[in-house]
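Could you look over my notes on the aromatic rings in this model? Comments are welcome on any point.

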Amino acid sequence: MAKDDMVMRQPLTAAIIGTGFGGIGMAIKLRQAGITDFVMLEKSDRIGGTWRDNTYPGAACDVPSPLYSFSFEQDFDWPRFYSGQSDIHRYQQHCVDKYGLTPHVRFHSEVRRADFDGQRGLWRIETSQGEVVLARALITATGQLNRPAYPKIQGLEKFRGKIFHSSRWDHGHDLSGRRVGVIGTGASAIQFLAPVAEQAGQVTLFQRTAPYVLPKPDRKITAFEHWLHRKAPPLRKLVRGTVYSIFETLGVGLLKFRPVLAPLKSAWSAHLRLTIKDPALRAKLTPDYPIGCKRILFDNTYYRALARPNVEVETGRIKEVGEDGVVTEDGVKHEIDTLILGTGFAASGFLAPMEIHGRDGRELSAAWRDGAEAYLGVTVSGFPNLFMLYGPNTNLGHNSIVYMLESQIQYVKEAIVGLRAAPGTSFDVKADVQNGFNASLQRALRNTVWAEGCKSWYFDKGKNVNNWGGFTFTYRRLTRRFDLASYQTLGSGAVASVEADARDHSTQPLESAVA
């Protein structure tokens, strides 16, 4: 097929990159708005994003299912209050099937490059299949946790045993009787450690920093509860609202008033004392930073696994990896034949490795040379009609990212409706609006627990580029309408049909909203 034949001649209204929660929710809301000329570009052979990729043993969510789901699609019988990977992925497929999204999805279509054509007001999107898609709006729903982060450790490439990242789990590798080394103590590692320890002959956990791990109040959801929710739908909303309120209260401690976190620290301390009897091991597992500064983790198996006789916690820094083991800085060699990397994700890279070129060929990575930022975490000045879901500074430490995504989806949907009402027009957020918003956001973040000195994946180039600095209801208020007044209107199309919200976020500091 000639290259020209791979170009989609008829421009679409939108191209969505990714089929995780963000992409699925965005597609549903576009269809409900009567917009059907869009495509969902998926690099894999299945939908699901991070819940497709992370199939390691014990993979589960630390937000209750009634909240870690779409508000408009609550009619789903979750088996547990906190659901595992397979059930969350099943829910995503349920949404795709129920709302007829499959015809919009193009699998094995990883986006390599996207260029904005200012004359035509279109994005030209190149995929790994050699196809070129033309669309007025480019919506990225790639998430923050989609590219594995591999540690920079001397000699890692020399290791002759089996090595894999937790998000690329090798289910064909039998761990029975193996000498396993685990690097990392993040959310994934604390979940897979127990299943690994139950199979392996010996496990050595290489811990750089100890996490705060609280017990997870998980349980099965009974058949009676499912029946009751079907007969009384408002009850589902009540449960969801209650869970939301409890989690949002945690935000008070993270964002403003530290004493709110004291009960959580007490719960952690009790959990540690009850499960770890050895004082020396308890000392190793005690964090040296304020609770909440790094992500608070919830799991019922981690500490019990560390107390097993076949598990060792090594706190010395890794010097190098050899052919058959790991050497720590004290010179001790830990012989292993399997190395599992629970080292998280390259979260601050956002849209990497895609090449995104906006007005006048400006490259997004150049615009973000001092750390990623965006207006409302959604739009970037100089990149018209580019909308990001789960973009910079929209991650949470206390609530459901699905709630945040729904706020963003509403905002982007209104923008897309506005573009449809004004053919030939593009929206580019004003530079002063973006700068003012992010200046206020960074000032607010300096008052949060995340700024209290610990090293975490929230930061890049000394700036918190991942977390939202306020409450989720504040973010929903800021995104409830597409505020056209904050954007330059490019092109010749009329925009009278788009209601402009005259709020000027550059003069409405975020700190006042979270005070």
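The points below start with the basis of the values, then take the overall fold and the ring pairs.

1. Basis. This is a predicted model, in which local features need pLDDT of at least 70, side-chain atom pairs count only at pLDDT 80 or more, and totals for chains, interfaces and linings use all residues. Numbering runs from 1 along each chain as its sequence is written, and side-chain values use heavy atoms, with hydrogens and water left out.

2. Fold. The protein has 14 helices and 22 strands. These are DSSP runs, numbered from the N terminus: helices are H or I with at least four residues, strands are E with at least two. The radius of gyration is 24 Å, close to the 24 Å of the globule rule for 515 residues, so the protein is as compact as a globular protein of that length. That radius is taken over C-alpha atoms, and the rule is 2.2 Å times the number of residues to the power 0.38. Along the principal axes, the C-alpha atoms fill a box of roughly 70 × 55 × 45 Å.

3. Of the 515 residues, 56% count as buried. Buried means under 20% relative accessible area (1.4 Å probe, protein chains only). Among contacts (heavy atoms within 4.5 Å) between residues at least 6 apart in sequence, 72% join residues at least 24 apart.

4. Ring pairs. The count comes to 30 aromatic pairs. Rings of Phe, Tyr and Trp (its six-membered ring) pair if their centres lie within 6.5 Å; planes under 30 degrees apart are stacked, over 60 edge-to-face, the rest tilted.

5. Tyr56 and Phe192. Their ring centres are 6.0 Å apart and their planes at 75°, so this pair is edge-to-face. Tyr56 sits in the loop between helix H2 (50-53) and helix H3 (85-98), and Phe192 in helix H4 (residues 187-199), so the pair ties together parts 136 residues apart in sequence. Both residues are buried.

6. Phe427 and Phe482. Here the centres are 5.3 Å apart and the planes at 35°, so the pair is tilted. Phe427 belongs to strand E19 (residues 425-429) and Phe482 to the loop between helix H13 (472-478) and strand E22 (487-491), 55 residues apart. Phe427 and Phe482 are buried.

7. Cluster and charges. Ring pairs link a cluster whose members include Phe21, Trp51, Phe72 and Tyr99. Which residue lies over the face of Phe72? Lys29 does, at 4.2 Å from the ring centre. Arg476 lies over the face of Tyr403, at 3.8 Å from the ring centre. The criterion is NZ of Lys or CZ of Arg within 6 Å of the ring centre and within 35 degrees of the ring normal.

Technical notes
Buried < 20%, exposed > 50% of the residue type's maximum accessible area, 1.4 Å probe, protein only.
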